[in-house]
Amino acid sequence: MLRFPDMFSRNTTRRTTSRIPLPTDAVVAVTYLCNSRCTMCDFWKETRQPTMTVEDYRKLPPTLRDINVSGGEPFLHPQIVAIVRALHETCPKARITISTNGFLTDLICKRTRDILEFLPDIGIRISIDGVGDMHERIRRIPQALQKDLATLRGLRAIGVRDIGFGYTMTEENVEHCTKVYALAQQERVDCTWAVAQSSDFYFGGKQIERRVDPAVVAREFDVLMEAELRRWRPKSWVRAYFAYGLRRLALDGVQVLPSRAGTDFFFLDPFGNVYPSVVHPSVMGNCAAATSFSDLWTSTAAAHARRVVAAWDRPYWMVCTARTAIRRNLPRVARWVLVQQLRLLPQRLTGHRSLSVPTAAATP
Ligand code: SF4
């Protein structure tokens with residue numbers, strides 16, 4: 001059995017250089033308030049109101065190409081529509097997605113309808129950690145899965161095209177990884193994966209101490225990798241590589257690519273603090289207080305935070321930081337995909353399948 005904290009034992013990060021271009025990717029937590037009661041996160045105990053104003057979000061760099069609006073529960077922020085508008089106007093080339101627990105169906109659909117008026121490509125990611133009653137057990141919200149599926153259908157009805165599920169692996173729901181994937185296929189939406197992790201300042205400071213069966217973890221990620229590799233689209237092959245990264249992290253404590261946290265990517269909290277990522281606690285500066293984001297990004301504090309990232313000895317692999325790492329290491333990822341496709345070739349030729357996604361769960 002593995003303990004999640006024990007997985008983080010090897011430093012594979014790379015030193016940043018002295019010339020730091022503005023970042024391309026960000027996670028923006030607009031509030032830490034949350035209406036869920038998740039077992040792997042303590043944000044639901046949070047009482048502090050966000051202090052970033054809508055105008056403060058206009059300080060973010062226009063170089064951003066990917067912004068994940070997160071929380072807490074971001075739709076609880078009364079100005080979420082104005083914030084997304086400010087992000088879109090400030091960073092017009094950025095793909096913007098909002099991660100939600102999906103429980104407030106009417107509120108989410110109402111605010112998303114307003115967002116669709118100026119951003120028809122908005123993406124929504126609904127967190128789903130299991131099928132049957134597993135999702136309810138982890139989120140500690142009655143009828144959790146039914147509420148999320150109602151939100152999915154409500155969003156579809158108002159015209160949201162980019163909808164996906166986000167699954168987080170904890171000790172309780174390891175075997176539900178492929179079940180949620182099957183549910184996503186059944187509902188014809190994308191699915192992203194994460195492994196629950198500790199943070200000194202994010203997730204309400206929650207420290208994860210869980211035991212998982214490595215054989216089960218391996219099987220779950222092997223099924224995901226093979227399913228994505230069998231699809232004839234490069235985006236799926238990159239997703240297979242991301243699943244491979246999670247498998248290596250969970251089983252071997254290895255980070256498969258060097259980090260770009262604090263260089264290509266940053267995390268912004270609801271109080272204006274900018275961090276290299278949700279696992280790196282060094283504050284690079286405060287967005288609300290800074291005269292400009294460039295000043296913040298080139299400050300002494302930001303340089304110090306990058307040194308902390310460079311010396312970080314606990315591997316991590318999250319979709320936010322992995323995206324920029326994969327982008328910077330495409331030849332290496334392509335080689336891995338090629339090797340895996342060659343490995344699967346005999347199965348493809350004979351029509352044999354060694355691993356298959358479980359039957360999609362019955363939709364409540
Ligand atoms: S994991 Fe998400 S939904 Fe759950 S308490 Fe934390 S912020 Fe809320």
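Reader: Taking two strands to pair if DSSP finds at least two bridges between them, which residue of strand 4 stands opposite Asn 68?
Author: This is a predicted model, and in it Asn 68 stands opposite Thr 97, a residue of strand 4. Strand 3 covers residues 66–70, while strand 4 covers residues 95–100, and the two strands run parallel and are joined by four bridges.

Reader: And what does the whole sheet look like, in what order do its strands come?
Author: The sheet is open and has nine strands, in the order 7-6-5-4-3-2-9-10-11, and its pairing is mixed. Strand 7 and strand 11 (285–286) stand at the edges with a single partner strand each, so one side of each has no neighbour in the sheet.

Reader: How many bridges join strand 2 to strand 9, and do they run parallel or antiparallel?
Author: Strand 2 and strand 9 run parallel and are joined by four bridges, with Val 28 standing opposite Leu 268 of strand 9. On the strand 10 side, Leu 268 has Val 274 as its bridge partner, and there the two strands, strand 9 and strand 10 (residues 273–275), run antiparallel with two bridges between them.

Reader: What about the turn in that hairpin, which residue takes a positive phi there?
Author: In the hairpin of strand 9 and strand 10, where four residues lie between the strands, Gly 272 takes a positive phi near 95°.

Reader: Which way do the side chains of strand 9 point, and are they buried or exposed?
Author: Phe 265 and Phe 267 point one way from strand 9, whereas Phe 266 and Leu 268 point the other way, and all of them are buried.

Reader: Which strands does helix 11 lie across?
Author: Helix 11 (residues 319–328) lies across strand 2 (25–29), strand 3, strand 7 and strand 9 (265–268), and the helix runs at about 170° to strand 2.

Reader: Switching to the ligand, which residues are around it?
Author: Around the ligand are Cys 34, Ser 36, Cys 38, Cys 41, Phe 43, Trp 44, Gly 71, Gly 72, Glu 73, Asn 101 and Ser 127. Sorted by class, this shell has five nonpolar residues, five polar residues and one charged residue.

Reader: Why do Arg 140 and Arg 188 count as exposed?
Author: Arg 140 counts as exposed because it has 12 C-beta neighbours inside 10 Å, and Arg 188 counts as exposed because it has 8 such neighbours inside 10 Å. The cut-off for that label is 12 or fewer.

Reader: Last one, at roughly what angle do helix 8 and helix 12 cross?
Author: The axes of helix 8 (residues 234–252) and helix 12 (residues 330–350) come within 10 Å and cross at roughly 95°, and the two helices are therefore roughly perpendicular to each other. Helix 8 makes the contact with Trp 237, Val 238, Ala 240, Tyr 241 and Tyr 244, and helix 12 with Val 333, Trp 336, Val 337 and Gln 340. Eight residues of this contact are nonpolar, one is polar and none is charged.

Conventions
Residues numbered from 1 in each chain as written. Predicted model: local features only at pLDDT ≥ 70, side-chain atom pairs only at ≥ 80, totals over all residues. Near = placed C-beta within 6 Å. Nonpolar A, V, L, I, M, F, W, Y, C, P; charged D, E, K, R; others polar. Buried ≥ 20, exposed ≤ 12 C-beta atoms within 10 Å, placed from the backbone. Pairing = 2+ DSSP bridges. Contact = placed C-beta atoms within 7 Å. Axes fitted to C-alpha atoms, helices over the stretch in contact; angles between N-to-C directions. Parallel < 35°, antiparallel > 145°, perpendicular 65-115°, else oblique.
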